[in-house]
There are 2 protein chains.
Amino acid sequence: MVLVRQEIGDVLRDFRLQKGRTLRQVASKASVALGYLSEVERGQKEASSEILASVAEALETPISVIMREVGDRLAIIEGVAATIPDTLPDDLVAEFDANLVSR
Amino acid sequence: MVLVRQEIGDVLRDFRLQKGRTLRQVASKASVALGYLSEVERGQKEASSEILASVAEALETPISVIMREVGDRLAIIEGVAATIPDTLPDDLVAEFDANLVSR
């Protein structure tokens, strides 16, 4: 079972590290307990929407950017990441080969 | 404050209606209480990651598709939806006009 909170935790931690902030700094700025934020980052606790909004603000990152990243990572896990095929359909390849031969 | 649970609720309801399912059908298939799912859809309750996974499965929709839609809607609310500008910068327009005149 793919758990959203694990991706949310990973993304929050990655954004925090990208910004060079400590758990203590972000927890303090977001007014959440350090232990709680740590559990959220490890995917052990569900963050309420209010906590998510506070942490996003503390990270100076729109919540939409965080949730889009969560969606993208979930898509990779679920194997539905590709919206554009990276290989050509077989019939197109056959048509291309046929055209090459006929020239 | 932008609340993630409200968008999750809206998206779950929209996907359910798109599939022509009733609350009762989805709640039953996902093994969650009808009243609870209804509150989640209205953005009144946070859905745990396990419940989200069950409801997504009941809707035959990858959880990544749901979370990406949530991210996209949050981006519109936050006004950060556009990654490609839909208007030209003023200096480019001025340059274009100047070229027209000089011909």
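A residue counts as buried if 20 or more other C-beta atoms lie within 10 Å of its own, as exposed if 12 or fewer do, and as partly exposed in between, with the C-beta atoms placed from the backbone. Keep that in mind as you color chain A: buried residues make up 31% of its 103 residues.

Some ground rules for the tour. This is a predicted model, in which local features need pLDDT of at least 70 and side-chain atom pairs count only at pLDDT 80 or more, while totals for chains, interfaces and linings use all residues. Residues are numbered from 1 along each chain as its sequence is written, and chains are lettered from A, and ligands numbered from 1, in the order in which they are written.

**Stop 1: chain A on its own**

You'll find six helices and zero strands in chain A, where helices (H or I, at least four residues) and strands (E, at least two) are DSSP runs numbered from the N terminus. Read along the sequence, the pattern is α-α-α-α-α-α. Now for contacts: two residues are in contact if their C-beta atoms, placed from the backbone, lie within 7 Å. Among the chain A contacts between residues at least 6 apart in sequence, 63% join residues at least 24 apart.

**Stop 2: where α2 meets α3**

Still in chain A, select residues 23-30 (helix α2) and 34-41 (helix α3). These two pack at an angle of about 110 degrees, with their axes 9 Å apart; axes are lines fitted to C-alpha atoms, for helices over the stretch in contact, and angles run from 0 to 180 degrees between N-to-C directions. That makes α2(A) roughly perpendicular to α3(A), on a scale where angles under 35 degrees are roughly parallel, over 145 roughly antiparallel, 65 to 115 roughly perpendicular and the rest oblique.

Show side chains here. From α2(A), pick A:L23, A:R24, A:V26 and A:A27; they meet A:L34, A:L37 and A:S38 of α3(A). This contact divides into five nonpolar residues, one polar and one charged. Ala, Val, Leu, Ile, Met, Phe, Trp, Tyr, Cys and Pro count as nonpolar, Asp, Glu, Lys and Arg as charged, and the others, Gly among them, as polar.

**Stop 3: bring back chain B**

Two copies of a chain are related by a rotation about an axis and a shift along it. Here, chain A can be laid on chain B with an RMSD of 0.3 Å by a turn of 179 degrees and a shift of 0.2 Å along the axis, the copies being superposed by least squares on the C-alpha atoms of residues with pLDDT of at least 70 in both. That is the relation of a two-fold axis. To find the axis from chain A, click on A:R68: in that chain its C-alpha is the nearest to the axis, at 2.9 Å.

Next, select the contact, which takes 23 residues from chain A and 23 residues from chain B. On the chain A side, α1 (4-18), α4 (49-58) and α5 (63-78) each supply at least two residues. By type, the chain A side divides into 14 nonpolar, four polar and five charged residues. The copies meet through the same surface, since 100% of the interface residues of chain A are also interface residues in chain B.

**Stop 4**

Start with B:L37, in helix α3 of chain B. Is B:L37 buried or exposed? With 26 C-beta neighbours inside 10 Å, B:L37 counts as buried. Leaving aside residues up to four places away in sequence, B:L37 touches B:L23, B:V26, B:A27, B:V32 and B:V55.

Move on to B:S31, in the loop between α2 and α3 of chain B. B:S31 is exposed, with 10 other C-beta atoms within 10 Å, and its phi is near 55 degrees, a positive value in a residue other than glycine. Then try B:E60, in the loop between α4 and α5 of chain B. Phi of B:E60 is near 50 degrees, again positive in a residue other than glycine, and B:E60 counts as exposed, with 10 C-beta neighbours inside 10 Å.

Finish with two distances to draw. B:I77 sits in helix α5 of chain B and is partly exposed, with 15 other C-beta atoms within 10 Å. Then go to B:S48, in the loop between α3 and α4 of chain B. From there to B:D90, 42 residues apart along the chain, the C-alpha atoms are separated by 47 Å.
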